[in-house]
Amino acid sequence: MTDTPHRQTRLWHDRADAWLAEGRIDGRAWIGGARVAAADGQTFACHSPIDGRLLTQVARGQREDIDRAVAAARRSFDDGRWARKAPAVRKRILQRWAELITQHKDELALLETLDMGKPIQYSLSVDVPAAARCIAWYAEAIDKVYDEIAPTPANALALIQREPVGVVGAIVPWNYPMIMAAWKLGPALAMGNSVVLKPSEKSPLTAMRLAELAAKAGLPEGVLNVVPGYGHEAGEALALHPDVDALGFTGSTRVGRKMLEYAGRSNLKRVFNELGGKSAFVVFDDVDDPVRAGRTVAQALFFNQGESCNAPSRLLVHEAVADAVIDAALAEVPKHQPADPLSPATVMGALVDEGQLRSVMGHIDSGIQQGARLLAGGRQARADSGGHYVEPTVFDHVQPDMRIAQEEIFGPVLSILRFKDEAEAIALANGTDYGLQASVWSRHLDRAHRVARALKAGTVHVNQYDEDDITVPFGGVKQSGNGRDKSLHALDKYTELKTTWIRVG
Ligand code: NAD
């Protein structure tokens with residue numbers, strides 16, 4: 001029998017219904033190698049943004065739970081059960097973990113979609129494979145990263161060695177729950193650290209499941225702990241903890257500021273912030289293919305419901321090609337109407353929760369009130385589903401001082417600004433507090449290079465958007481943060497450099 005989209009949709013729904021009927025979704029924390037309830041027994045309700053259904057109760061981690069998790073991590077680090085294992089052994093365990101993630105692809109994808117609202121096809125084709133590839137890639141690196149010997153006089157031998165920092169706290173957001181966790185866990189565990197992970201309260205479920213699979217792969221008890229809970233409770237307790245040596249944070253710029261304060265108020269732990277963005281997609285009049293540019297900006301922005309830190313949420317377009325680029329972007333709008341995330345045909349799912357829906361609608365209202373021209377969308381969708389959906393939305397004639405030109409909306413809202421020349425384009429592109437990513441579209445290599453150099457962003461794409469890979473760093477400048485996830489550079493965050501100077505007789 002052919003597997004029609006309709007039949008596949010039914011299968012995903014049936015599986016979800018069975019999980020809920022049997023109470024199979026486990027919301028307990030993972031501490032010291034076991035599933036545990038919060039110390040005081042408190043939980044919070046985890047509802048699906050798809051239809052508002054209650055998925056499960058999740059352990060509401062607090063200071064006491066963080067203390068237990070950090071203590072378990074510290075014990076596991078100090079006795080060397082992971083850090084001092086032979087690199088080839090650690091490599092094999094992480095590889096096995098990546099294999100298990102791939103083997104549990106359907107389960108993890110369904111959990112991610114139910115919890116976070118993204119289309120099942122992307123949980124399957126993007127989130128699970130990217131998380132598995134990240135873990136496998138850092139596993140491979142473990143026995144290939146060499147230390148250094150300094151160029152000293154003949155009577156000395158100076159070794160410069162990487163050492164794990166110890167206990168790493170990782171605090172991650174809800175938009176790509178597995179991928180964001182993997183970007184922290186891969187390099188931190190590869191270098192021999194022990195970790196306490198605090199997933200977002202809005203999408204905590206896959207993090208605990210990943211930890212269970214890590215244990216199954218052979219990761220020793222206590223090396224990875226996951227404490228779900230609210231930011232101001234579990235998150236703050238972890239960031240303030242005096243026995244956490246480094247903090248890898250991904251989230252908003254507002255909370256990133258607090259991370260630096262927490263470090264200052266506690267033990268000066270090293271802090272790496274990966275924060276928000278308002279990325280500019282700059283199309284010049286010498287663009288080779290305006291239609292491809294317009295299509296690309298819309299597809300990249302609407303992907304993940306616009307809930308991507310690097311979403312190209314500002315289209316800066318030269319007046320001469322504006323009509324062609326905007327028409328091509330608008331042609332994507334009907335294809336991206338929100339639909340049932342459990343249908344394999346759906347490309348735009350639900351926003352993560354009611355609060356995010358209100359925030360996105362507030363930005364749309366501000367765009368209208370401040371005089372931008374609404375070209376498409378602008379309304380809530382599928383309200384009768386019980387979930388949180390917004391139409392793909394496009395504003396033209398946006399002015400640089402409008403809220404929709406400056407603030408990260410984190411929803412499917414594109415702001416279009418027009419420019420007359422290169423200098424104006426660069427000034428507009430750099431004219432926000434953020435500096436995560438940007439994109440330049442021009443058929444002339446010298447212009448593409450010149451503008452790429454002038455743009456204040458961690459990554460600049462040229463004639464494409466987001467075709468990147470685990471091999472290159474990901475992070476921002478200005479108020480988009482200071483850390484770099486992915487690539488071998490991420491190892492620096494989770495290692496200390498130790499110099500050993502030996503006198504040679
Ligand atoms: P958020 O800052 O609200 O929360 C992120 C995490 O911090 C969550 O786990 C939350 O519980 C925790 N937290 C919140 N308040 C805290 C506090 N006072 N103390 C300690 N922890 C606290 O962000 P979000 O809404 O979950 O995620 C969206 C943001 O993340 C966007 O700004 C997006 O751009 C950013 N992001 C950045 C990247 C990147 O790589 N630069 C990637 C993904 C998302």
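Predicted model: local features only at pLDDT ≥ 70, side-chain atom pairs only at ≥ 80, totals over all residues.
A polar contact is taken here as a pair of N or O atoms within 3.5 Å. At L275 the backbone takes part instead, with an N or O atom 2.8 Å from a nitrogen atom of the ligand. The protein covers 92% of the 850 Å² of accessible area that the ligand has on its own. Around the ligand there are 29 residues, of which V172, K198, E201, S252 and E408 come nearest.

Charged pairs make up the last part of the picture. Side chains of opposite charge can pair when their charged atoms come close. The structure holds 44 salt bridges. In one of them, the side chains of R74 and D243 meet at 3.0 Å, N to O. This pair links distant parts of the chain, with R74 in helix 2 (residues 63–78) and D243 in the loop between helix 8 (231–240) and strand 10 (246–250), 169 residues apart. R74 counts as buried because its relative accessibility is 16%, under the 20% cut-off, whereas D243 is partly exposed at 27%.

A salt bridge also joins the side chains of D492 and R162, at 3.1 Å from N to O. D492 belongs to the loop between strand 20 (459–462) and strand 21 (495–503) and R162 to strand 6 (residues 156–164), so this pair ties together parts that are 330 residues apart in sequence. D492 is partly exposed, with a relative accessible area of 40%, and R162 is partly exposed as well, at 25%.

For D286 and R447, the closest N and O atoms of the salt bridge are 3.2 Å apart. D286 lies in the loop between strand 12 (280–283) and helix 10 (290–302), and R447 in helix 15 (residues 445–454), 161 residues apart. Both D286 and R447 are buried. Elsewhere, salt bridges that share partners join D26, R28, R35, E107, R209 and E212 into one network.

Definitions and conventions: Residues numbered from 1 in each chain as written. Heavy atoms only, no water. Near = heavy atom within 4 Å. Polar contact = N/O pair within 3.5 Å; in protein donor to acceptor, adjacent residues only side chain to side chain. Areas by Shrake-Rupley, 256 points an atom, 1.4 Å probe, with all protein chains shown as cover. Salt bridge = Lys/Arg side-chain N within 4 Å of Asp/Glu carboxyl O. Helix = DSSP H or I, 4+ residues; strand = E, 2+ residues; numbered from the N terminus. Buried < 20%, exposed > 50% of the residue type's maximum accessible area, 1.4 Å probe, protein only.
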